Structure formats: C-alpha cells, structure tokens
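Let's take a walk through this protein together, one piece at a time. Have the structure ready to turn as you read.

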Amino acid sequence: MRSLQVAFAVLEEIAEAQVIGVSELARRLDLPKATVQRSLQALADVRYVVRADNAQWQLSARVLGLASQMKYHDNLARAARPAMKDLCDEVNETIHLTVREDRWVVLVSLVEPTRPVRTTAHISSMQLAHATATGKAMLAALSDEDVRELLGTGLETPTERTIATIPALLKALAQIRQRGYAINDREYQIDTASIAAPIRDASGRTVAAMSISSPATRLKRNLWKPYGEAVARAASRVQI
C-alpha cells in the first residue's frame with residue numbers, strides 16, 4: 001500500500017510540474033531519491049511516465065488519454081441524464097448508463113427510483129459484456145468476426161442462464177440487431193434482469209448503452225417488449 005501511495009504522489013507532482021527531475025521530486029515529497037526512483041521506474045514500466053530527457057520525467061500520453069476518457073464519460077453522463085431521469089419516472093426502475101471496455105462494461109451513471117426494493121450498483125463497477133443487457137446491446141454493433149476476436153472461444157458463466165458459447169451469443173446478437181434492444185434474464189446475477197438499448201453518436205457509431213435494471217421477480221416476460229421500446233426511445237434521445 002505504501003508503494004502505491006508513493007506512486008500516486010509522484011504522479012501528482014509530475015502533473016503539477018509538467019517536467020521534473022528525481023532530485024526535485026524527492027525534495028518536494030520529502031522522500032529518499034532511491035524510493036522516488038523505484039516509483040518512477042514502476043510507473044514507466046506501465047507507461048504512465050516517460051523520460052523528457054536523461055534527467056527529467058513527464059506524464060505519458062497514456063495518462064493524458066485516461067484523463068480525456070474520464071472527461072468524455074462525464075460529458076456522456078450529463079448528456080444522458082435527462083433521458084435517464086424521464087425513463088426512470090416512466091418505469092419506476094433503476095436506469096444504468098454504461099460504456100464498453102474490451103470484454104467488460106463499466107457503469108458510468110445511474111438514476112434510481114424512490115421505491116425501496118430496487119437493484120443496486122456502484123459507479124465504475126465492471127461486468128462481463130456478454131452476460132449483461134448493455135454489454136450485448138454494444139456487442140451487437142460489432143461484426144461476428146470482431147466478436148470472436150474480442151471474446152475468444154470460451155465464455156465465463158456467472159449464472160446457469162448465461163450464454164455459454166460463441167455461436168449462441170452470435171445468434172442472440174443477431175436478434176438484438178433486429179429488434180433494437182437486448183435482454184438480460186438473470187444472466188449475470190440470478191436475482192436481476194435488465195433491458196438495454198445502444199446509444200449512438202452523430203456518425204451512427206455505438207458508444208454506450210442505457211438499461212432498465214430490475215429485480216427479476218418484477219421484470220416479467222410481458223414487460224420485455226414495452227420496456228425494450230421505452231429504453232430504445234430514451235437512448236435515441238441522447239445527443240453525443
């Protein structure tokens with residue numbers, strides 16, 4: 001834990017100074033030069049810092065990219081908030097906004113209803129894309145070849161209802177493309193169900209997904225179509 005704290009302190013000082021040497025970093029942090037040097041090398045190994053010259057260091061493009069991504073997620077959440085709030089009021093269930101990172105989906109924002117029994121989640125939590133409604137809604141934007149390349153040949157199965165093979169997933173994605181929304185019927189958590197639709201930018205590229213998340217006991221099959229149409233309408237309102 002101590003080494004992690006030092007690494008973050010080093011990153012913060014480099015961000016403030018923009019370009020800085022080991023001796024100056026050690027002086028500012030009141031740490032031995034050897035400790036700072038080890039931290040710099042560890043950060044360089046994961047490409048978070050790079051040498052500006054033989055004696056000084058600066059943040060890498062990778063870190064700057066992370067900052068840009070966080071700003072994008074914040075802008076996305078703000079743009080989606082009105083539609084999410086209206087959808088929450090309409091269905092009285094939790095509304096999620098996620099983005100895909102590799103084979104995972106990351107929760108960017110949520111709106112919760114006032115009812116006491118509802119699904120719960122935490123911002124930045126990650127779930128397997130193929131086992132979630134938002135994940136499948138975003139995977140449906142990829143070609144079958146890209147899905148195979150992304151997920152490989154084996155799929156993890158968090159519950160007994162999770163899609164377990166690539167052929168079965170590709171069939172499900174084809175159905176999602178046709179109807180315009182994805183269904184998660186207890187595939188990631190056995191007591192949770194959800195319905196999701198993709199969010200597209202001005203060029204038509206899928207950049208996120210919005211979902212209605214509910215206890216499985218409430219999200220009955222007769223609600224799938226009306227909820228699917230409702231979340232698709234809400235997602236189409238988001239201007240990115």
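This is a predicted model, so keep that in mind as we go. Start with strands β7 and β8, the latter covering residues 192–200: they run antiparallel and are joined by four bridges. Together β7 and β8 make a hairpin, with six residues between them. Look in the turn for Arg186, which has a positive phi of about 60 degrees.

Now check which way the residues of β7 point. Ala182 and Asn184 go one way, while Ile183 and Asp185 go the other, and all are buried.

Next, find the open sheet made of three strands, in the order β1-β3-β2, with antiparallel pairing. Strands β1 (20–21) and β2 (49–51) are at the edges with a single partner strand each, so one side of each has no neighbour in the sheet. Helix α1 (residues 2–17) packs on this sheet and touches β1, β2 and β3, its direction making about 90 degrees with that of β3. Back in the sheet, two bridges link β1 with β3 (residues 56–59), and Ile20 faces Trp57 in β3.

Helix α1 also meets helix α2 (residues 22–29): their axes come within 11 Å and cross at roughly 115 degrees. That angle is why α1 and α2 count as roughly perpendicular to each other. Who makes the contact? On α1 you'll find Ala9, Val10, Glu13, Ile14 and Ala17, and on α2 there are Leu25, Arg28 and Leu29. Sorted by class, this contact of α1 with α2 has six nonpolar residues, two charged ones and no polar ones.

Conventions: Residues numbered from 1 in each chain as written. Predicted model: local features only at pLDDT ≥ 70, side-chain atom pairs only at ≥ 80, totals over all residues. Heavy atoms only, no water. Pairing = 2+ DSSP bridges. Contact = heavy atoms within 4.5 Å. Axes fitted to C-alpha atoms, helices over the stretch in contact; angles between N-to-C directions. Buried < 20%, exposed > 50% of the residue type's maximum accessible area, 1.4 Å probe, protein only. Parallel < 35°, antiparallel > 145°, perpendicular 65-115°, else oblique. Nonpolar A, V, L, I, M, F, W, Y, C, P; charged D, E, K, R; others polar.
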